[in-house]
Amino acid sequence: MKRIFLVAIIATFAAGSAFAQEACEAKAVGKDGKALAGAAKTSFLKRCKVETCSTKAVSADGKKLSGAAKNSFMKKCEEGA
């Protein structure tokens, strides 16, 4: 039973991360409407991942994470995104 629960949690996190990646890819367009490429795209995707993960960095009671807890969460979130 524990394994099923663990698999469900991992699948949910992976699906959320994949969605965040696709959302950032879709937003990666320049002012002229063309898709970004190269360093501009890399920079944009990195910033988008940080912004996406920082909005999710809240504790169980709804307060923003800080310190080591936030660093750990951000690292895991950005790797998954």
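A crossing of two helices is called right-handed if the near helix is turned clockwise from the far one by less than a right angle, and left-handed if anticlockwise. Keep that in mind for a stop later on the tour. What you have open is a predicted model.

**The whole chain**

Start with everything selected. Of the 81 residues, 15% count as buried. As for contacts with a separation of 6 or more, 43% of them come from residues 24 or more positions apart.

Now select helix 1, residues 2-27, and follow the chain into the loop between it and helix 2. Pick leucine 36, which sits in that loop. Is leucine 36 buried or partly exposed? Its relative accessibility is 23%, and buried would mean under 20%, so leucine 36 counts as partly exposed.

Show what lies around it. Leaving aside residues up to four places away in sequence, leucine 36 touches Ala28, Val29, Gly30, Lys41 and Phe44. Then draw a line from leucine 36 to glutamate 25: the two are eleven residues apart in sequence, and their C-alpha atoms are 9.3 Å apart.

**Where helix 2 meets helix 3**

Next, colour helix 2 (residues 38-56) and helix 3 (residues 67-80). Two packed helices are described by the angle between their axes and the distance between the axes. Here the axes come within 9 Å and cross at roughly 130 degrees, which makes helix 2 oblique to helix 3. Back to the opening term: this crossing is right-handed.

Which residues make the contact? On helix 2, select Lys49, Val50, Cys53, Ser54 and Lys56; on helix 3, select Phe73, Met74, Cys77 and Glu78. Colour them by type and you get five nonpolar, one polar and three charged.

**Last stop: glutamate 78**

Stay on helix 3 and zoom in on glutamate 78. With a relative accessible area of 30%, glutamate 78 is partly exposed. What does it touch, not counting residues up to four places away in sequence? Its partners are Lys49, Val50 and Cys53. Finish with one more line, from glutamate 78 to valine 50: these are 28 residues apart in sequence, yet 6.8 Å apart from C-alpha to C-alpha.

How values were computed:
Residues are numbered from 1 along each chain as its sequence is written. This is a predicted model: local features need pLDDT of at least 70, side-chain atom pairs count only at pLDDT 80 or more; totals for chains, interfaces and linings use all residues. Side-chain values use heavy atoms; hydrogens and water are left out. Axes are lines fitted to C-alpha atoms, for helices over the stretch in contact, and angles run from 0 to 180 degrees between N-to-C directions. Helices (H or I, at least four residues) and strands (E, at least two) are DSSP runs, numbered from the N terminus. Angles under 35 degrees count as roughly parallel, over 145 as roughly antiparallel, 65 to 115 as roughly perpendicular and the rest as oblique. Contact means heavy atoms within 4.5 Å. Ala, Val, Leu, Ile, Met, Phe, Trp, Tyr, Cys and Pro count as nonpolar, Asp, Glu, Lys and Arg as charged, and the others, Gly among them, as polar. Buried means under 20% relative accessible area, exposed over 50%, partly exposed in between (1.4 Å probe, protein chains only).
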